[in-house]
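Here is a short briefing on one chain. Read it alongside the sequence and the coordinates.

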Amino acid sequence: MSTVSITLGEVGASLALIAVAIAVSFWRRAELEQDIAVAVLRSFVQLTAVGYVIQAIFDTDSLWLVVALLAGMVAFGSWTARGRAKGVPGATVPIVLALAVAAAVTLGLVLALGVFKAEPRYLVPVGGMVIGNSMTAVAVALNRLADEMHDGRRQVEAMLALGATSFQAARGAVTRSLRSGMIPLVDSTKTTGIVFFPGTMVGMLIAGAEPVDAVRLQVVLLWVLLGAVALAGLIAVSMGYRGFFTDAHQLRDT
C-alpha cells in the first residue's frame, strides 16, 4: 500500500471550510462561532495526543492498555452526552451503563464470532467507533426524551391519574426517543455508497487497498455500529425515563 502524507500547510488550508461554517453561523445569528472554534482546536489537540497514545498501545501490544483507553472513552463520552441531556434527571448512570454495555457486548460478540482478532489494532479503532456512535445516539435520544416528557406532561399526568404505571405513561415518549437516536445511523447506512461514503472505506481506498476489501470491512463496521447504537439507545431511554417519576409512579416536578 502507498503512504499518504499530509503536511501542516495542507491541514491549515482546510481551515477555509471552517471559516465558511463560522461565517454562516455569524450571518444567520446561530451563535455557534465559539463552539466551532473550540471544536476545531480540541479536535486537533485531542487527535494529535490520542495518535501518540494509540501508537504506544500498538507498540506494546497490551490488551490492558486497550481496556484502559476504552474505559477513558466511555467516561469522556458519558460526560459529553450528559451535557446534551441536562433535561433528564439522573441521566449519568443510564448513559455510563449504555456506553459501557454497548462497547462490551459489541466487542465481545465480534471477537467471539471471529470477525476481528483480539489485538489492539482492531479493538482500538472499532471500540472508538462503537463508543462514539453510541454516545451520539444516546445524547440525541435522551434530549428527545426530555422534550417529550416536558411537552407531553399533561397527557402523562392524565394517564397516571387513570391508573397507568410510569412505564405505561412514558412508553410512547420512550419509543419516539429511541427512534430519534437510531435514525441518523440507519439513514446513513441506507444511503451508504450512494449519498454517504464512510470514512473507513475511503481511507482504505486512499491508502491503496483493494475496493472489495474496503467494502467488506466497511459493511461489517456499519452492521456492528447499528447493533451497538440500538443497544445503547435502548438502555439509555429505558433507564432514563425513570428519572421523571417517583417510586410511587408520580411525575416529578422538573
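Predicted model: local features only at pLDDT ≥ 70, side-chain atom pairs only at ≥ 80, totals over all residues.

Helix H4 (residues 63-84) packs against helix H5 (residues 92-112) at an angle of about 140 degrees, and their axes lie 9 Å apart. That angle makes H4 oblique to H5. The pair crosses in a right-handed sense.

**H4 against H5: the contact**

- From H4, the residues in the contact are Leu70, Val74, Gly77, Ser78, Ala81 and Arg82.
- From H5, they meet Thr92, Ile95, Val96, Leu99, Ala100 and Leu107.
- By class, the contact of H4 with H5 holds eight nonpolar residues, three polar and one charged.

**H5 against H6**

- H5 also packs with H6, at an angle of about 145 degrees and with axes 9 Å apart.
- The crossing of H5 and H6 is right-handed.
- H5 brings Ile95, Ala98, Leu99, Ala102, Ala103, Thr106, Leu107 and Leu111 to this contact.
- H6 answers with Leu123, Val126, Gly127, Val130, Ile131, Ser134, Met135, Val138 and Leu142.
- The residues where H5 meets H6 split into 14 nonpolar, three polar and no charged.

**H7 against H8**

- Helix H7 (residues 153-161) and helix H8 (residues 166-190) pack at about 150 degrees, their axes 9 Å apart.
- H7 and H8 are therefore roughly antiparallel to each other.
- H7 passes H8 in a right-handed crossing.
- Val156, Met159 and Leu160 make the contact from H7, and Ser166, Gln168 and Ala169 make it from H8.
- Four residues of the contact of H7 with H8 are nonpolar, two are polar and none is charged.

**Helix spans and what follows them**

- Helix H2 (residues 15-27) has 13 residues, which should span 18 Å at 1.5 Å a residue; its end C-alpha atoms are 18 Å apart, so the two agree.
- Arg29 follows H2 and has a positive phi, near 55 degrees.
- Helix H3 (residues 33-60) has 28 residues and reaches 41 Å from its first C-alpha to its last.
- At 1.5 Å a residue, the expected value for H3 is 40 Å, and the span is close to that.
- Just after H3 comes Asp61, with a positive phi of about 60 degrees.

**Salt bridges**

- Side chains of opposite charge can pair when their charged atoms come close.
- How many salt bridges are there? The count comes to five, taking a side-chain nitrogen of Lys or Arg within 4 Å of a carboxyl oxygen of Asp or Glu.
- Arg144 and Glu148 sit four residues apart in helix H6 (residues 120-151), so about one helical turn separates them.

**The whole chain**

- What does the secondary structure of the chain come to? It comes to ten helices and zero strands.
- From the N terminus on, the elements run α-α-α-α-α-α-α-α-α-α.
- The C-alpha trace spans about 70 × 50 × 35 Å along its principal axes.

Terms used. Residues numbered from 1 in each chain as written. Heavy atoms only, no water. Axes fitted to C-alpha atoms, helices over the stretch in contact; angles between N-to-C directions. Helix = DSSP H or I, 4+ residues; strand = E, 2+ residues; numbered from the N terminus. Parallel < 35°, antiparallel > 145°, perpendicular 65-115°, else oblique. Left-handed = near helix turned anticlockwise from the far one by under 90°. Contact = heavy atoms within 4.5 Å. Nonpolar A, V, L, I, M, F, W, Y, C, P; charged D, E, K, R; others polar. Expected span 1.5 Å × (residues − 1).
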